[in-house]
Amino acid sequence: MAKLKTAVLISERGSNMRELVAACNEPDFPAEVVLVLSNNPDAPGLEHAKEKGLAIHVIDQSGFPKRAEFDVVLDSVLRDHKVNLVCLAGFMRILSEDLVNKWRNRIINIHPSLLPSFKGLNTHARVLQSGVSFSGCTVHFVRPEMDEGPVIVQAVVPVHNGDTVKKLAARVLAAEHKAYPLALRLIAEGRVRLVVEKVKIDGALAPAGVVINPTEKS
Ligand code: GRF
């Protein structure tokens with residue numbers, strides 16, 4: 001079966017991009033990375049993509065003060081590469097409503113909290129401040145409102161006494177690196193369905209006492 005042509009959009013470090021690329025390089029993984037795109041020409045993650053011989057495209061956002069103009073170029077680059085699915089992976093730019101609607105259900109994002117809690121920036125500091133016992137990450141379909149959209153995969157991590165932002169961020173990031181490739185695989189396998197803005201996963205196991213949902217089909 002043809003692999004799902006995936007673009008990964010980054011702005012900085014790109015560790016989630018790295019994990020998605022590694023997953024796609026596994027034999028039988030049902031998706032392939034056809035493009036790594038950044039709005040920041042100095043994104044450190046671009047080096048890794050280069051080393052892996054992937055197609056890279058930079059749309060330097062300093063040349064595009066207007067969101068709509070940036071998004072027109074983004075849309076055409078994605079179409080040039082025949083992209084089926086866009087994975088936002090630390091892409092620090094809000095997309096216009098037009099672009100999101102044009103690519104509806106074909107853009108996914110990862111956020112370092114258990115959405116709908118703790119949308120927005122400085123997530124880990126706010127999690128620590130709030131006193132909750134668990135945090136985690138969420139992979140979701142993108143909608144025009146920031147950090148909104150149907151949840152595909154979530155992974156949970158504990159918040160420890162004496163945690164710092166750095167420690168919690170590292171624990172959540174390790175969970176992100178599992179959750180994002182899982183979400184990509186489920187979509188590429190055609191197992192993710194949207195029913196009235198809620199995700200149903202075909203063939204998911206009952207999530208009894210798990211920290212990642214949906215659990216993988218064995
Ligand atoms: C991750 O924590 C992701 O959830 C958030 O931005 C961070 C990006 O990290 N959206 P990286 O660039 O993938 O290492």
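The paragraphs below describe the ligand site of a predicted model and then one of its loops. Local features need pLDDT of at least 70 and side-chain atom pairs count only at pLDDT 80 or more, while totals for chains, interfaces and linings use all residues. Residues are numbered from 1 along each chain as its sequence is written, and side-chain values use heavy atoms, with hydrogens and water left out.

Around the ligand stand Arg-13, Gly-14, Ser-15, Asn-16, Gly-90, Ile-110, His-111, Pro-112 and Glu-176, each with a heavy atom within 4 Å of it. This shell divides into two nonpolar, five polar and two charged residues; Ala, Val, Leu, Ile, Met, Phe, Trp, Tyr, Cys and Pro count as nonpolar, Asp, Glu, Lys and Arg as charged, and the others, Gly among them, as polar. Domain 1 (1-103) and domain 2 (108-218) each give at least three residues to the shell, with bounds from an automatic or database domain assignment.

Next comes the loop between S5 and helix H5 (123-130), where Pro-116 is found; helices (H or I, at least four residues) and strands (E, at least two) are DSSP runs, numbered from the N terminus. Most residues other than glycine have a negative phi, and most peptide bonds are trans. Leu-115 and Pro-116, however, are joined by a cis peptide bond with omega of about 10°. Asn-122, in the loop between S5 and H5, has a positive phi of about 50° although it is not a glycine.
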